[in-house]
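Have a look at the model first, then read on.

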Amino acid sequence: MKLIYIKDMNFVRLPEPVCAAIGNFDGVHLGHQKLIEESKRHNIASAVLTFYPHPSVFLKKIPNYPLVTPLEHKKDIIARMGIDYLIVIDFTEKVLMMSKEEFIDKMKFMNIKSCVCGYDFTFAKYAEGTIRDLEKNFEFYEIKKFIFDDVRVSTTYIRELLSVGNVKEANRLLGRQFSIRGKVIYGNQNGRLLGFPTANLDYKNYFLPGNGVYYVNVMISGQMFLGMCNIGHNPTFNFRDTRSLEVNIFGLDQDIYDEIIEVFFIEKIRDEKKFESKEALIKQLKTDKAYSLELAGEANYTK
């Protein structure tokens, strides 16, 4: 897959005509996947056209708008789908204020001959452009709202599921396990003192699941480990105003500071809570680990 990054309104022409799936695609969920797969079915090169940063940075005035799949993560997922081009438009005030006619002209200049969009897609200044405008200018393929097991799949709904810790249902609608990548950074090392050392993750602008303890898998240098993850404020020791993501990785006995790891969320175990003593917390952590191993089908795990 070739990455085309459009910056400062310097649109480039692709060397061949393409069918482009257009959208934000945060999460690249089952509905997005259907739309992207459609772009591969029309006897010309396939492309995904998306925007970064997320338009909500400007529309909702949220500088660090949290994403289910930040750009690098989204790029890897789309590449695995066998797309020929990923076109990323640097979303700025100038892009936001483009007229629908100007945006359509830019698409034609880029050698986009046909396009695929969701039924509710809008574009250009004041969202004045609709799929009806695209139908008039391109060979156009509309994807109706995607229903999976009687559930309308949307990024908004997946974010709602994650916010309450329902990662199992979110995973079902994503078509994969929700995961967060990040660099391991130094924390307060309370976990080590409790006998449960943790890797603290710099999660940047990932959308975090709700506070609590989760059974997770952790990818480190191509090797998968079992583990449990806590998201929250550390209410028992050293309360934090900002939320942290800490992972206890079973069987790992090595220094991984500054390494990039990926945490895959499988199931929520319990809510975060404040414990009366260190001993009560250690007892609960042992119970959490045992339950995690039970979920993993590794009841005899001894590491």
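Is E102 buried, partly exposed or exposed? With a relative accessible area of 32%, E102 is partly exposed, given that buried means under 20%, exposed over 50% and partly exposed in between (1.4 Å probe, protein chains only). This is a predicted model, where local features need pLDDT of at least 70, side-chain atom pairs count only at pLDDT 80 or more, and totals for chains, interfaces and linings use all residues. Residues are numbered from 1 along each chain as its sequence is written, and side-chain values use heavy atoms, leaving out hydrogens and water.

**Salt bridges**
- The whole structure holds 18 salt bridges (a side-chain nitrogen of Lys or Arg within 4 Å of a carboxyl oxygen of Asp or Glu).
- R172 pairs with D149 in a salt bridge at 2.5 Å, N to O.
- That pair links distant parts of the chain, 23 residues apart: R172 sits in helix α8 and D149 in the loop between β9 (147-148) and β10 (151-152). Helices (H or I, at least four residues) and strands (E, at least two) are DSSP runs, numbered from the N terminus.
- R172 is partly exposed at 30%, whereas D149 is exposed at 52%.
- K40 and E37 form a salt bridge at 3.2 Å, N to O; K40 is partly exposed at 34%, and E37 is partly exposed at 27%.

**Around E169**
- E169 belongs to helix α8 (residues 167-174) and is buried, with a relative accessible area of 17%.
- Leaving aside residues up to four places away in sequence, E169 touches V151 and L161 (contact means heavy atoms within 4.5 Å).
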